[in-house]
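Take a walk through the fold with the model open beside you.

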Amino acid sequence: MSADLAIETQNLGRIYTIRNRRERRIRKEVVALRDVNLQIPRGELFGLLGPNGAGKTTLIKILTTLLAPTTGWARVAGFDVVREPHKIRPRINMVSGGEASGYGLLTVRENLWMFAQFYGLPSREANRRIEELLRRIGLADRIHTKSSDLSTGLRQKMNIVRGFLTDPEILFLDEPTLGLDVNAARDVRRFIREWMDAHPDRTVLLTTHYMVEADELCDRVAIISQGRVLACDSPEALKRRLQRDALFDIEITAPNGLTSSMLEALPGVRKAVLTDADGGARLSLILAADSALPGVIHVLTERAVQVRHLTKREPTLEDVFVELVGRPLAEEEVADGQ
Amino acid sequence: MGSEARPFFAPVPKASGWRLFLKTVVARAYPRVVGQQRERSWIFFDVFLSILAVSAYVFVYRAIGAPEEYVGFVVVGGAMTAFWLNVLWSMSSQLYWEKESGNLALYIMAPNSMMAILLGMALGGIIATALRAAAILLVGSLLFHVQYAVGNLPALVVVFLLTLAALYGLGMMSASLFLLWGREAWHLANLAQEPIYLLSGFYFPVKNLGFWVAVAASIIPLTLGLDAMRQLLFPSGAALGFLTVPVEVAVLAVLCVLFLVAARWLLGYMERMAIREGRLLESRR
Ligand SMILES: Nc1ncnc2c1ncn2[C@@H]1O[C@H](COP(=O)(O)OP(=O)(O)OP(=O)(O)O)[C@@H](O)[C@H]1O
Ligand SMILES: [Mg+2]
């Protein structure tokens, strides 16, 4: 254990027990997290990237002292989440995507002021910070708007400000750009980046299932699936793993019964993912070397699949994800990025 | 990357201990009080409906030739009913709604005490409801020419405050119960509303119910509170009173402590359950 670690976990696991409503004896267990080992130094913007149900929110709940782990331990700011939650709570904050916190009857300023009070922030300082943060995130003109009158995007900006207002040592952002349009999401990402640049000793842990977000924003990324951390490194280092591989995108007219497992059976084909694209389909391939491509083309020709377009490209985080998890993060995102 | 970026703001010392507690109480009371201001039409409605209920009893009492004091009893009962309804419908279900909106998780995660949050809700509810209660009292008294004879004002104030403390203590306690029991508690409150109207003597002296029923009804703090207030407000009140004022004050004080201690314990239990089972903090998404 090091004093410079903002977050540290050791064999962290969480099992949810679901009891049947009628018959209490019937129980089902869901393993949400297993053997998670993370070491996040102070000052890092750390990303957790994973599909729905991967366990991202569960991990955040444990780290924010809202949920007890069933195995292992976790320390936040050097304190144990189970034994010393009162030491952790003044030092952290959390914002979740799509949250409906606060009271609709209150204005943006009043809602933010209220939450700042719960952390003991002096009122005048709170109001000063609220103005400053709203200006930076592009919400200054809505300071006196009732929060029930805000659109989803503006509302989420207010929530984001709530998280930063108390100047937390460690801030947890659970899918902060969920449901935001491209512009609002960009504003939020820029805001987070500026905060990290201006406060080098502050730590942010954010979860996302947007590739670009993880790639652009995070110093390091952990890829998590079915409760396990499959890889943890900087986006560049993760992509470098695939550098020796050859990545191809092939646009075809129709699959004609072609499946990805047929292609993966070919020598040198490490991963093949078939997704719908407008007016046809797209085949994303991770090949051990260029020399595996003719084999693929041969199979396509055999099935009378017409190739419309073929590109060789640099590895992206998405490719890393596919390689590790075995499927794309979300089908539609393969097609249009975010 | 951004080496010359200046901090957004400098760190400042934050309140902790009892100052944080007080700040939290005030901050959580704020939305209640302000919300009231912003939805004024409701006040009119609430007051109007209460006056209607009071009038119904007044007309019945006058028709059957009941003693004139009963009219004053009904008006005071109507005013205090506003607090009871606030406790039953707003205070009790508050934590449940806070859970649904995701606020509960934020409240638990913050460094403040949950007891301060609950006290803030109660304080906000009291301030917001006081306005309605005062309006009902004023309109009712003017409408039906109620005569008051306050001999002992300090005692009246003590009884009133103690009644509110015990009543909202009950509300704070049931807030956790509602959260833990969910829909079932809801049905229970629904079922309880009418019988409690009858039992706690909102509109008549509880003494008329007979000793043991009145004792049972005394678990609702409003019963004894109302009874004591009526004794202190009307010349013939003492004769119609259930127990003597000092005894009623003592019982109210005990109820107050009991409910507040239970509220605190239930909050702790609720938080431990939530953290262990991971279900209570799930908001509906
Ligand atoms: N309170 C709960 N009770 C039972 N099971 C739960 C509970 N919360 C989460 N789970 C289950 O645990 C697993 C992990 O859920 P979690 O919410 O942590 O995933 P996530 O990565 O945040 O997903 P998403 O992207 O959908 O937000 C899922 O299978 C989920 O169904
Ligand atoms: Mg989640």
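This is a predicted model: local features need pLDDT of at least 70, side-chain atom pairs count only at pLDDT 80 or more; totals for chains, interfaces and linings use all residues.

Two strands count as paired if DSSP finds at least two bridges between them. Strand E4(A) and strand E5 (residues 79-80) of chain A are joined by two bridges and run antiparallel. The pair therefore meets the requirement of at least two bridges. Val76(A) sits opposite Phe79(A) of E5(A). Together E4(A) and E5(A) make a hairpin, with two residues between the strands. One residue in the turn, Ala77(A), has a positive phi of about 55°.

E4(A) has another partner. Strand E1 (residues 5-19) of chain A pairs with E4(A) over five bridges, in the antiparallel sense. Look for Thr9(A): its bridge partner in E4(A) is Ala74(A).

Now move along chain A to an open sheet. Four strands build it, in the order E12-E13-E11-E14, and their pairing is antiparallel. Which strands are at the edges? They are strand E12 (269-277) and strand E14 (307-313) of chain A, each of which pairs on one side only. From one strand to the next, the twist averages 15°. Strands of a sheet pair through backbone hydrogen bonds. Side chains in a regular strand alternate between the two faces of the sheet.

Follow one pairing in this sheet. E12(A) and strand E13 (residues 280-287) of chain A are antiparallel partners, with eight bridges between them. Within that pairing, Thr275(A) has Arg282(A) of E13(A) as its bridge partner. A helix covers these strands. Helix H11 (residues 317-325) of chain A lies across strand E11 (246-252), E12, E13 and E14 of chain A. H11 runs at about 115° to E12(A).

Switch to chain B for a helix pair. Two packed helices are described by the angle between their axes and the distance between the axes. Helix H6 (residues 153-181) of chain B and helix H7 (residues 183-199) of chain B have axes that come within 5 Å. The axes cross at roughly 125°. H6(B) and H7(B) are therefore oblique to each other. On the H6(B) side, the contact is made by Leu177(B), Phe178(B) and Trp181(B). H7(B) contributes Arg183(B), Glu184(B), Ala185(B), Trp186(B) and Ala189(B). By class, the contact has six nonpolar, no polar and two charged residues.

Aromatic rings come next. Over all chains, a search of the whole structure finds 21 aromatic pairs. In chain A, take Phe115(A) and Phe118(A). Their ring centres are 5.8 Å apart and their planes stand at 85°, so the pair is edge-to-face.

Phe59(B) belongs to helix H2 (residues 40-63) of chain B, and Phe144(B) to the loop between helix H5 (114-143) and H6 of chain B, so the pair ties together parts that are 85 residues apart in sequence. Phe59(B) counts as exposed, at 53% relative accessibility. Phe144(B) is buried, with a relative accessible area of 4%. Chain B also holds a cluster. Ring pairs link Tyr57(B), Tyr61(B), Tyr70(B), Phe73(B), Tyr148(B) and Phe234(B) into it.

Return to chain A for the backbone. Asp35(A) is not a glycine, yet it has a positive phi of about 45°. Asp35(A) is placed in strand E2 (residues 27-41) of chain A. With a relative accessible area of 48%, Asp35(A) is partly exposed. Thr65(A) also has a positive phi, near 65°. Where is Thr65(A) found? Thr65(A) is in the loop between helix H1 (56-63) and strand E4 (71-76) of chain A. Thr65(A) is buried, with a relative accessible area of 3%.

End at Ser234(A). Its place is the loop between strand E10 (228-233) and helix H8 (235-240) of chain A. Ser234(A) counts as buried, at 16% relative accessibility. Leaving out residues up to four places away in sequence, Ser234(A) touches Asp219(A) and Arg220(A).

Terms used: Residues are numbered from 1 along each chain as its sequence is written. Chains are lettered from A and ligands numbered from 1 in the order in which they are written. Side-chain values use heavy atoms; hydrogens and water are left out. Axes are lines fitted to C-alpha atoms, for helices over the stretch in contact, and angles run from 0 to 180 degrees between N-to-C directions. Contact means heavy atoms within 4.5 Å. Angles under 35 degrees count as roughly parallel, over 145 as roughly antiparallel, 65 to 115 as roughly perpendicular and the rest as oblique. Ala, Val, Leu, Ile, Met, Phe, Trp, Tyr, Cys and Pro count as nonpolar, Asp, Glu, Lys and Arg as charged, and the others, Gly among them, as polar. Rings of Phe, Tyr and Trp (its six-membered ring) pair if their centres lie within 6.5 Å; planes under 30 degrees apart count as stacked, over 60 as edge-to-face and the rest as tilted. Buried means under 20% relative accessible area, exposed over 50%, partly exposed in between (1.4 Å probe, protein chains only).
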